[in-house]
Amino acid sequence: MSRLFSAALCALFVFSMTSVDAKAAGDAKAGKAIYDTNCSTCHKDGVMNAPKLGDKAAWAPRLKQGLDVLTKKSITGFTGKVGMMMAKGGHPNLTDAQVKSAVEYMIQQSK
Ligand code: HEC
């Protein structure tokens with residue numbers, strides 16, 4: 001998939017999901033809600049080679065880095081062995097705490 005298409009996809013999500021992000025903040029189920037809205041685009045079906053939610057084999061080596069490192073990389077964005085992820089998955093409107101709770105949710109579902 002081309003980067004241009006992915007960038008367009010993410011931009012679309014930023015604009016369409018902004019109000020949902022605000023509602024999700026502070027909610028006990030925030031992690032799942034934030035994931036569903038902002039991260040599942042790639043992490044549900046492995047778009048752009050993203051590790052899929054619940055794919056234990058794909059996540060095992062990544063989880064070894066620990067929550068803090070995974071959160072930091074998710075906030076700043078990073079280029080890994082199989083692809084690249086934009087800062088906050090392309091959702092700059094998310095707070096660092098929201099990204100962290102989404103990472104926590106993804107970890108829980110994938111170990
Ligand atoms: C546009 C697609 C895309 C979106 C949206 C996206 N990611 Fe990712 N993510 C990726 C890709 C691709 C990788 C794997 C890159 C690699 O390891 O080469 C990845 C990897 C990760 C990793 C593993 C990091 C590591 O060190 O192995 C975490 C954690 C993560 N994403 C969290 C999130 C969170 C939280 C969100 C939502 C806020 C999110 N991602 C949204 C594409 C995306």
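Of the 28 residues around the ligand, which come nearest? They are Cys 39, Cys 42, His 43, Lys 73 and Met 85. The model is predicted. The ligand takes up the space of the largest pocket.

**Shell around the ligand**
- Five elements each supply at least two shell residues: helix 2 (30-43), helix 3 (56-63), helix 4 (67-76), strand 2 (84-85) and helix 5 (96-110).
- Helix 2 gives the most, with four residues.

- Lys 73, one of the nearest residues, places a polar side-chain atom 2.6 Å from an oxygen atom of the ligand.
- Arg 62 also has a polar side-chain atom by a ligand oxygen, at 2.7 Å.

**Aromatic pair**
- The count comes to one aromatic pair.
- Tyr 35 and Tyr 105 form this pair, with ring centres 5.5 Å apart and 45° between the planes, which makes it tilted.
- Tyr 35 lies in helix 2 and Tyr 105 in helix 5, so the pair ties together parts that are 70 residues apart in sequence.
- Both helices also supply residues to the shell around the ligand.

**Burial of the two tyrosines**
- Tyr 35 has a relative accessible area of 3%, so it is buried.
- Tyr 105 is at 13% relative accessibility and therefore also counts as buried, as the cut-off is under 20%.

Definitions and conventions: Residues numbered from 1 in each chain as written. Predicted model: local features only at pLDDT ≥ 70, side-chain atom pairs only at ≥ 80, totals over all residues. Heavy atoms only, no water. Near = heavy atom within 4 Å. Polar contact = N/O pair within 3.5 Å; in protein donor to acceptor, adjacent residues only side chain to side chain. 1 Å grid on protein atoms, 1.4 Å probe; cavity = no way out; pocket = protein on both sides within 12 Å on 5 of 7 lines; lining within 4 Å. Sits in = over half its atoms within 2 Å of the grid points. Phe/Tyr/Trp six-rings, centres within 6.5 Å; stacked < 30°, edge-to-face > 60°. Buried < 20%, exposed > 50% of the residue type's maximum accessible area, 1.4 Å probe, protein only.
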